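Open the model in your viewer and keep the selection tool at hand. We will go stop by stop, picking a part and looking at what is there.

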Amino acid sequence: MVFSEDDKRSIKGIWNKVGGHLREYGAEALERMFFVYPTTKTYFPHFDLSHGSAQVKGHGKKVADALTNAVGHLDDLPGALSALSDLHAHKLRVDPVNFKLLSHCLLVTLANHHPADFTPAVHASLDKFFASVSTVLTSKYR
Amino acid sequence: MVNFTAEEKGLINGLWSKVNVEDIGGEALGRLLVVYPWTQRFFDSFGNLSSASAIMGNPRVKAHGKKVLTSFGEAIKNLDNLKSALAKLSELHCDKLHVDPENFKLLGNVLVIVLAGHFGKEFTPEMQAAWQKLVVGVATALSHKYH
């Protein structure tokens, strides 16, 4: 997937707008995902998944930071996400279908908190971005 | 067959009563065409779809979005019987419109995102879950008569 200059501008633009809230949104997207798609909980039997869980907050922060790193390397996602790609392939082995579920919940969360900035063009670029990240993270699965 | 709890029905109807079918329908269909441009294949006769702003401002897109969401409204009145409520529309989408049912899933998720954008705090995870169940139910019912 190739990012146009407009895509890059849209993605970086909303990322800057969201700023420090991103970690909170990471946690909220996970919470939405666990609630709306209960099968995703099967990957976290060792977590307290109740509302406000510190473990979910911590994990949300991890996910947010990884995405922020990716935003800084839109021209080389495979390079930037190489270690995470290995981790997901060899250790975590999260079924690829789940990346779409988390991506959707990230879009819902961002739309919910930043409706004015979440324009159709930004929505399109973000959808592409999350899809690309998902592809990279599952690229070494087999 | 999808079953909605009383709570889920309450959540869906509660939000639906505040939905402006023209605005939300137009926005959802517009965003579908912007975010997944290949879906424009069904709308060659709609005129200018050359940019996000052209799509979102296109009066035919808005009118069609309203039509689609109005049908959703009919589905909401028949939550216990989506398959029969949407049987005729299912036949239409297969036999006349030739729409791949994958598109129903795409539109359903875009609708959820549009509602999330409009309803702020009210669009809790519980509200989202009820609506995800609804859009899946509608997509399934619309695919039911495919052959």
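Predicted model: local features only at pLDDT ≥ 70, side-chain atom pairs only at ≥ 80, totals over all residues.

Walk along chain B from the N terminus, and the elements read α-α-α-α-α-α-α-α.

Keep chain B selected and switch to its C-alpha trace. Along its principal axes, the trace of chain B spans about 45 × 40 × 20 Å. How does the radius of gyration of chain B fit that of a compact globule? For 147 residues, a compact globule would come out near 15 Å; chain B has 15 Å, so the two agree.

Next, colour residues 3-147 of chain B. An unreviewed UniProt entry annotates this span as "domain: Globin". The span is 70% helix and 0% strand.

Now zoom in on a helix pair. Two packed helices are described by the angle between their axes and the distance between those axes. Select residues 102-119 of chain B, which form helix 7, and residues 125-143 of chain B, which form helix 8. Their axes come within 9 Å and cross at roughly 155 degrees. Are these two helices roughly parallel or antiparallel? An angle over 145 degrees counts as roughly antiparallel, and helix 7 and helix 8 of chain B are therefore roughly antiparallel to each other. Helix 7 of chain B passes helix 8 of chain B in a right-handed crossing.

Show the side chains where the pair meets. From helix 7 of chain B, pick Phe104(B), Lys105(B), Gly108(B), Asn109(B), Leu111(B), Val112(B) and Leu115(B). Colour the contact residues by type: eight are nonpolar, five polar and one charged.

Move on to chain A. Here you will find seven helices and zero strands. Read along the sequence, the pattern of chain A is α-α-α-α-α-α-α. The C-alpha trace of chain A spans about 40 × 35 × 20 Å along its principal axes. With 142 residues, a compact globule would have a radius of gyration near 14 Å; chain A has 14 Å, so this value agrees too.

Last stop: select residues 2-142 of chain A. The unreviewed UniProt entry labels this span "domain: Globin". Its end C-alpha atoms lie 23 Å apart, and the span is 69% helix and 0% strand.

Key
Residues numbered from 1 in each chain as written. Chains lettered and ligands numbered in written order. Heavy atoms only, no water. UniProt positions renumbered as here; feature names shortened; annotations may be inferred. Helix = DSSP H or I, 4+ residues; strand = E, 2+ residues; numbered from the N terminus. Axes fitted to C-alpha atoms, helices over the stretch in contact; angles between N-to-C directions. Parallel < 35°, antiparallel > 145°, perpendicular 65-115°, else oblique. Left-handed = near helix turned anticlockwise from the far one by under 90°. Contact = heavy atoms within 4.5 Å. Nonpolar A, V, L, I, M, F, W, Y, C, P; charged D, E, K, R; others polar. Rg over C-alpha atoms; globule rule 2.2 N^0.38 Å.
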